[in-house]
Structures are given as structure tokens and as C-alpha cells.
Amino acid sequence: MKAEKTDMTGFVGAGTLGENRDDELAAARARGEVYFDATCPLCLSLLARFGDRFRRARFRFVPLDTPGVADTLGVSAAELSRTMHLRLAGGEVLRDVEAWRELFRAVAWLRPLAGLLGWPGLNGLARAGYRWLAANRHCLSGVCGLPKGFAVHQPHRATTFLELP
């Protein structure tokens, strides 16, 4: 089966990693592969908004539910779904804040943020914040298993920080 590519996000999907020649060639040219939760509306929103910047820096996006990902990364299925993973071209695997720092280093205007996230105090805060965000990403998108009758606050639709150019 040949891997498909969606127009909206441009990520690899619906196939097994490395099962066709086009995937292998693209992977060889890629700086790294970002493994993300394609069932997460927040993740998909960020990918739609910022994915092109990282693709231009030669990163590929691969959904976590793609067959073979857990084996490729050497993690359990439970660990796989807990965080975003980035596998660099050399085979090194980065997770959570370290993965984001590497992505930020690849985009000129985000490099200062990568540097700031390396500071000991900010790095610890970013790690704690990322762990909380990753654990609650589905609820933040309004798709978690809330009890019936529980009202989800729908914020006013205004431009947010992440939507600015």
C-alpha cells in the first residue's frame, strides 16, 4: 500500500513506514521526522498554521498511529502517545521540549526562542508546561470525555498569540 499525503497538513499517512520508495527518498532528504498525534485537534491546528515553516526546513510530519512508528522510535505504545517525538536524520530521537527546540532552531525567526528554552529555569518551566499541555491536549480542544451535561467554555473567537504571523 502506498502512503498517502493530505493537502491540508502535508503529513505522511495511511501506510507503513518505509514501505515505498518515495517515502524512503523523502526520508533521506529530510532533516528529521516529527511524530505527532493526528487525532488531536490542537496538534492539527498547530500543524496547519506552522507546518509549512518546518517543512521548508526539511522536516516531515508522521502521525503517531502510522504502523511501525513505536518500533522505529523504540518506545512502547503508551509512551508513544504521551508526547511528540522528533527523529533526526542521524537517528537521534528527541521528545517534548527538546524536540520543539530543535524545530525552532531550524527556522531563523524562532532561533531566539530555542535559545531561551535552553536556559535552566525556563527549560524546567517549559518541560512542566509541555507535560501538562500534552496530557490535556484533547480536553483543551473540547473533545475529552467530559460527563454528560458538563458545559465546555467556548472562548470568543479572536486572534490568539499562536495565530499571529
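This is a predicted model: local features need pLDDT of at least 70, side-chain atom pairs count only at pLDDT 80 or more; totals for chains, interfaces and linings use all residues.
Figure 1. Arginine 55 forms a salt bridge with aspartate 52, and the closest N and O atoms of the pair are 2.7 Å apart. Both residues belong to helix α2 (residues 41-56), where a spacing of three residues corresponds to about one turn of the helix. Aspartate 52 is likewise partly exposed, its relative accessible area being 47%.

Figure 2. The side chains of glutamate 79 and arginine 82 meet in a salt bridge, with an N to O distance of 2.6 Å. Because these residues are three apart in helix α4 (residues 77-82), about one helical turn separates glutamate 79 from arginine 82. Glutamate 79 is partly exposed, at a relative accessible area of 24%.

**Figure 3. Glutamate 102 and arginine 105 in helix α5.** A salt bridge joins the side chains of arginine 105 and glutamate 102 (2.7 Å, N to O). The two residues lie three positions apart in helix α5 (residues 96-105), so they are separated by about one helical turn.

**Figure 4. A network of salt bridges.** Side chains of opposite charge can pair when their charged atoms come close. Here, salt bridges link Asp96, Glu98, Arg101 and Arg127 in a network. Across the whole structure, a search finds nine salt bridges.

Key:
Residues are numbered from 1 along each chain as its sequence is written. Side-chain values use heavy atoms; hydrogens and water are left out. A salt bridge is a side-chain nitrogen of Lys or Arg within 4 Å of a carboxyl oxygen of Asp or Glu. Helices (H or I, at least four residues) and strands (E, at least two) are DSSP runs, numbered from the N terminus. Buried means under 20% relative accessible area, exposed over 50%, partly exposed in between (1.4 Å probe, protein chains only).
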